[in-house]
Amino acid sequence: MPPEKTLLLRHLDEVQRSLLWKVEGLSDAPLRQPMTPTGTNLIGIVKHLTGITYGYLVVAFGQEQAGDRMSDGLDDEELFFGLDLWATPDESVEELLAAYRRACAAAARSIEALELDATGTHHSGNTVTLREMVLTVLLDTTRHTGHADVVRELTDGRVGSRPGDPMSPDDEEYLRMYRARITGGIDRDTWMAYVRGLPGYDPAVWEEFRARNS
């Protein structure tokens with residue numbers, strides 16, 4: 001098994017790449033558009049995680065940033081009322097995306113340079129370990145990338161965690177039947193008859209899965 005730090009870096013990099021894929025290919029307006037009653041928007045997720053990634057994995061351990069000043073905006077009381085969760089008109093979405101990429105790279109350098117038991121200072125003043133902060137950022141990034149999954153699907157239908165994700169069928173009839181099963185429009189027998197009749201259905205796949213997990 002790979003060392004703990006290698007695994008943590010790998011998982012963090014994977015979810016960061018997934019988030020960047022979620023915002024790929026969209027113009028300015030849909031990136032800024034609030035898509036839920038609470039205002040969740042794609043570029044706001046990226047902006048928020050830029051601050052989290054820098055603050056928890058770089059600044060807290062006295063490591064070098066990449067030209068981005070974490071003090072920008074910290075003297076604005078609106079920060080307590082969601083300023084880090086949306087892009088202001090004078091903030092370029094291109095620059096916000098670039099800043100997130102720089103934050104991810106700076107965080108990776110910080111993790112590689114330090115031991116997981118190394119201590120730093122959280123913005124609250126508490127002493128924290130690098131391991132604790134990596135897990136915190138991994139948790140927060142995963143949570144918000146899940147938000148981005150839903151927002152992107154509502155925006156233009158893109159689903160999955162990466163290009164060509166096999167867990168996300170691009171078949172409207174399948175999705176129609178699946179929604180019908182969820183809502184009770186069809187029963188289990190009808191649903192299972194449908195999926196077992198799909199091209200490529202292989203009953204051995206389920207039997208192998210069951211055998212491995214029994």
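Me: Which hand is the crossing where α3 passes α4?
Reply: Left-handed, as the near helix is turned anticlockwise from the far one by less than a right angle. This is a predicted model, where local features need pLDDT of at least 70, side-chain atom pairs need 80 or more, and totals for chains, interfaces and linings use all residues. Numbering runs from 1 along each chain as its sequence is written, and side-chain values use heavy atoms, without hydrogens or water.

Me: What angle do α3 and α4 cross at?
Reply: Roughly 30°, with the axes (lines fitted to C-alpha atoms over the stretch in contact, angles from 0 to 180 degrees between N-to-C directions) coming within 9 Å. That makes α3 roughly parallel to α4; the label needs an angle under 35 degrees, while over 145 is roughly antiparallel, 65 to 115 roughly perpendicular and the rest oblique.

Me: Which residues make that contact?
Reply: On α3 they include I43, V46, L49 and L57, and on α4 they include L96, Y100, A103 and I111. Contact means heavy atoms within 4.5 Å.

Me: OK, and how do α3 and α5 pack?
Reply: Helix α3 (residues 42-57) and helix α5 (residues 130-156) meet at about 175°, their axes 10 Å apart. So α3 is roughly antiparallel to α5. Among the residues in this contact are I45, H48 and I52 of α3, plus M133, V137 and H144 of α5.

Me: Switching to α6: what comes after that helix?
Reply: G184, with a positive phi near 90°.

Me: And how far apart are the end C-alpha atoms of α6?
Reply: They're 16 Å apart, which agrees with the 16 Å that its 12 residues (172-183) should span at 1.5 Å a residue.

Note on methods:
Helix = DSSP H or I, 4+ residues; strand = E, 2+ residues; numbered from the N terminus. Expected span 1.5 Å × (residues − 1).
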